[in-house]
Amino acid sequence: MTPPDPPAVLEVKARARQMNLLLKDQGHSDVGHATCLHELSLQAGYENWQTYGAALRKAAGLPPKRHLTRAAQQRRQERA
């Protein structure tokens with residue numbers, strides 16, 4: 001099981017939620033949470049959210065999150 005997100009990741013996610021709400025209030029309903037995370041990642045000098053999130057987790061002494069493919073998820077469920 002993956003450890004919970006460190007405070008730095010939670011802070012960036014909260015900023016992305018705030019950005020998303022602000023954009024929606026300004027009429028940009030097509031902008032999603034993932035887009036806001038991506039924009040914050042670019043502003044911090046990273047290529048994408050996955051890279052930024054992994055760097056934040058590494059700085060906190062945690063391993064990067066593992067994203068399983070659907071096939072791997074299915075195999076895991078079959079074994080359980």
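Author: This is a predicted model. In helix 2, the buried residues are C36, L37, L40 and S41.

Reader: Where do those sit around the axis of helix 2?

Author: C36, L37, L40 and S41 cover an arc of only 140° around the axis, so they are on the same side of helix 2. In general, an α-helix has 3.6 residues a turn, so residues three or four places apart point the same way.

Reader: And what do the buried residues of helix 2 pack against?

Author: They pack against helix 1 and helix 3.

Reader: What comes after helix 2?

Author: G45 follows helix 2, and its phi is positive, near 95°.

Reader: Ok, the core. Which residues are in the largest nonpolar one?

Author: Ten residues: V9, V12, A16, V31, C36, L37, L40, W49, Y52 and L56. Helix 1, helix 2 (33–43) and helix 3 each give two or more residues to this core.

Reader: W49 is in that list. Why does W49 count as buried?

Author: Because its relative accessibility is 17%, and the cut-off for buried is under 20%. W49 lies in helix 3.

Reader: What is W49 in contact with, sequence neighbours aside?

Author: Leaving out neighbours within four places in sequence, W49 contacts V9, V12, K13, L37, H38 and S41. W49 and V12 are 37 residues apart in sequence, with their C-alpha atoms 10.0 Å apart.

Reader: Switching to the helix pair. At what angle do helix 1 and helix 3 cross?

Author: The axes of helix 1 (residues 7–25) and helix 3 (residues 49–59) cross at roughly 145° and come within 8 Å. On the helix 1 side the contact involves A8, V9, V12 and K13, which meet W49, Y52, G53, L56 and R57 of helix 3. By type, the residues of this contact divide into six nonpolar, one polar and two charged.

Reader: What does V9 touch?

Author: Not counting residues up to four places away in sequence, V9 touches W49, G53, L56 and R57.

Reader: Now D5. Buried or exposed?

Author: D5 is buried, because its relative accessible area is 18%, with buried meaning under 20%. D5 lies in the segment before helix 1.

Reader: Which side chains make polar contacts with the side chain of D5?

Author: The side chain of K13 does, at 2.6 Å, and so does that of R57, at 3.2 Å. Apart from neighbours within four places in sequence, the residues in contact with D5 are L10, K13, R57 and K65.

Definitions and conventions
Residues are numbered from 1 along each chain as its sequence is written. This is a predicted model: local features need pLDDT of at least 70, side-chain atom pairs count only at pLDDT 80 or more; totals for chains, interfaces and linings use all residues. Side-chain values use heavy atoms; hydrogens and water are left out. Axes are lines fitted to C-alpha atoms, for helices over the stretch in contact, and angles run from 0 to 180 degrees between N-to-C directions. Helices (H or I, at least four residues) and strands (E, at least two) are DSSP runs, numbered from the N terminus. Contact means heavy atoms within 4.5 Å. Ala, Val, Leu, Ile, Met, Phe, Trp, Tyr, Cys and Pro count as nonpolar, Asp, Glu, Lys and Arg as charged, and the others, Gly among them, as polar. A nonpolar core is a set of buried Ala, Val, Leu, Ile, Met, Phe, Trp, Tyr and Cys residues joined through side-chain atoms within 4.5 Å. Buried means under 20% relative accessible area, exposed over 50%, partly exposed in between (1.4 Å probe, protein chains only). A polar contact is a pair of N or O atoms within 3.5 Å; within protein, one must be able to donate a hydrogen and the other to accept it, and residues adjacent in sequence count only if both atoms are side-chain atoms. The arc is that of the directions from the helix axis to the C-beta atoms.
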